[in-house]
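My notes follow the order in which I looked things up.

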Amino acid sequence: MSYVKPSLVNVCAVCSPFCIGLLVDPVQPKLILDQLKTLGISDYSIKGILTTHHHDDHSGGNIEMLGLIPYRVPVYGGDSRIPALSHHLWENVEFPFPSAFNSVSSNQTDVGSFRMLTLLTPGHTKRSICYAIFSTEPGEAMHLFTGDTLFLSGCGRFFDGCVPQEMLYSLRLLKSLSTSIAPNKILVYPGHEYTLNNVSFALTVDPLNCDLQEQFRFIKGLKNPVSVPGTLETELKTNPFLRVE
């Protein structure tokens with residue numbers, strides 16, 4: 001899988017082995033398409049737009065992107081406020097969820113040789129969705145796109161009247177992915193590059209965490225300020241919000 005991040009506020013995932021492209025929160029359509037062309041990937045390979053939530057810095061490029069792609073592609077998301085939404089995920093499910101509810105085992109879609117798992121993760125907004133994309137071949141990495149729910153060493157702020165219990169549920173749901181796939185094989189792609197600030201804050205609440213200290217030195221030493229993607233393995237060791245019991 002190739003990965004393009006043309007700015008600090010959107011992500012483009014490309015399932016390149018079978019020329020199947022999935023765009024995540026493509027808020028800069030022309031820039032994204034130009035960068036895809038430099039990878040030799042045409043507009044015709046794009047098979048869908050995945051929107052993590054309705055905020056304009058994540059969904060604001062949907063309509064323009066649809067106008068630039070030579071044919072209609074589905075727009076996935078969990079919120080009716082998302083522009084051009086065509087596939088409404090988890091439409092009739094609201095928090096608190098039924099006791100038997102398990103979004104990990106539901107809403108899986110096959111796209112070529114890849115499987116897309118859609119996770120309803122309230123907390124930043126009521127209808128935030130995280131997308132996990134992985135190969136059906138054993139041993140391959142999972143690519144987890146978390147929008148503004150989970151950042152590297154941090155988590156999103158609450159909007160839509162969300163409460164801490166919702167975010168805690170969602171973070172535990174993301175943690176649970178490591179029970180089926182090794183956490184070092186789960187690559188985490190948040191929607192913003194806040195890692196340095198997040199690590200600096202995390203050190204104020206967990207100053208003796210050696211893994212966190214090492215993460216701070218690593219991030220400070222980057223010549224390019226982009227730290228994405230991280231791994232769930234590192235997040236389980238360093239993210240204070242994933243370490244809450």
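These entries go from the cores to the helices, then to single residues.

**Ground rules.** The model is predicted: local features need pLDDT of at least 70, side-chain atom pairs count only at pLDDT 80 or more, and totals for chains, interfaces and linings use all residues. Residues are numbered from 1 along each chain as its sequence is written, and side-chain values use heavy atoms, with hydrogens and water left out.

**Entry 1: the cores.** I started with the nonpolar cores. I take such a core as a set of buried Ala, Val, Leu, Ile, Met, Phe, Trp, Tyr and Cys residues joined through side-chain atoms within 4.5 Å. Buried means under 20% relative accessible area, exposed over 50%, and partly exposed in between, with a 1.4 Å probe and protein chains only. The largest core has 37 residues, and L50, L119, Y131, L144 and L177 touch the most other members. Helices (H or I, at least four residues) and strands (E, at least two) are DSSP runs, numbered from the N terminus. β9 gives the largest share of this core, six residues. Domain 1 (1–88) and domain 2 (114–244) each supply at least three residues to this core. Those bounds come from an automatic or database domain assignment.

I listed the contacts of Y131, with contact meaning heavy atoms within 4.5 Å. Beyond its neighbours within four places in sequence, Y131 meets L50, T51, T52, Y76, G77, L89, M116, L117, T118, H143, L144 and F145.

**Entry 2: helix α4.** I checked the length. The expected span is 1.5 Å times one less than the number of residues. For the 13 residues of α4 that gives 18 Å, and the end C-alpha atoms are 18 Å apart, which agrees. Next I looked at burial. E166, M167, S170, L171, L173 and L174 are the buried residues of α4. They cover an arc of only 155° around the axis, so they sit on the same side of α4. The arc is that of the directions from the helix axis to the C-beta atoms. P164 and Q165, on the other side of α4, are exposed. The cover over the buried residues of α4 includes β8, β9, β10, β11 (150–151), β12 (154–155) and α7 (232–238).

**Entry 3: helix α6.** Which residues of helix α6 (residues 210–220) are buried? They are L212, Q215 and I219. These fall within an arc of 55° seen down the axis, so they line one face of α6. An α-helix has 3.6 residues a turn, so residues three or four places apart point the same way. C210 and K220 are exposed on the other side of α6. Cover for its buried residues includes α5 (195–205) and α7. N209 caps the N-terminal end of α6: a side-chain oxygen lies 2.9 Å from the backbone nitrogen of D211.

**Entry 4: H124.** H124 sits in the loop between β8 and β9. Is H124 buried or exposed? Its relative accessibility is 5%, so H124 counts as buried. The side chains of H124 and H55 make a polar contact at 3.3 Å. A polar contact is a pair of N or O atoms within 3.5 Å; within protein, one must be able to donate a hydrogen and the other to accept it, and residues adjacent in sequence count only if both atoms are side-chain atoms. A polar atom of the H124 side chain also lies 2.7 Å from the backbone oxygen of R157.

**Entry 5: T238.** T238 is in helix α7. Its side chain reaches the backbone oxygen of T234 at 2.8 Å. Leaving aside neighbours within four places in sequence, T238 contacts S153, A202, N209, D211, L212, Q215 and R243.

Entry 6: The peptide bond from V228 to P229 is cis, with omega near 0°. D25, not a glycine, has a positive phi of about 50°. At 2% relative accessibility, D25 counts as buried. S153 is in the loop between β11 and β12, and its phi is near 65°, a positive value in a residue other than glycine.
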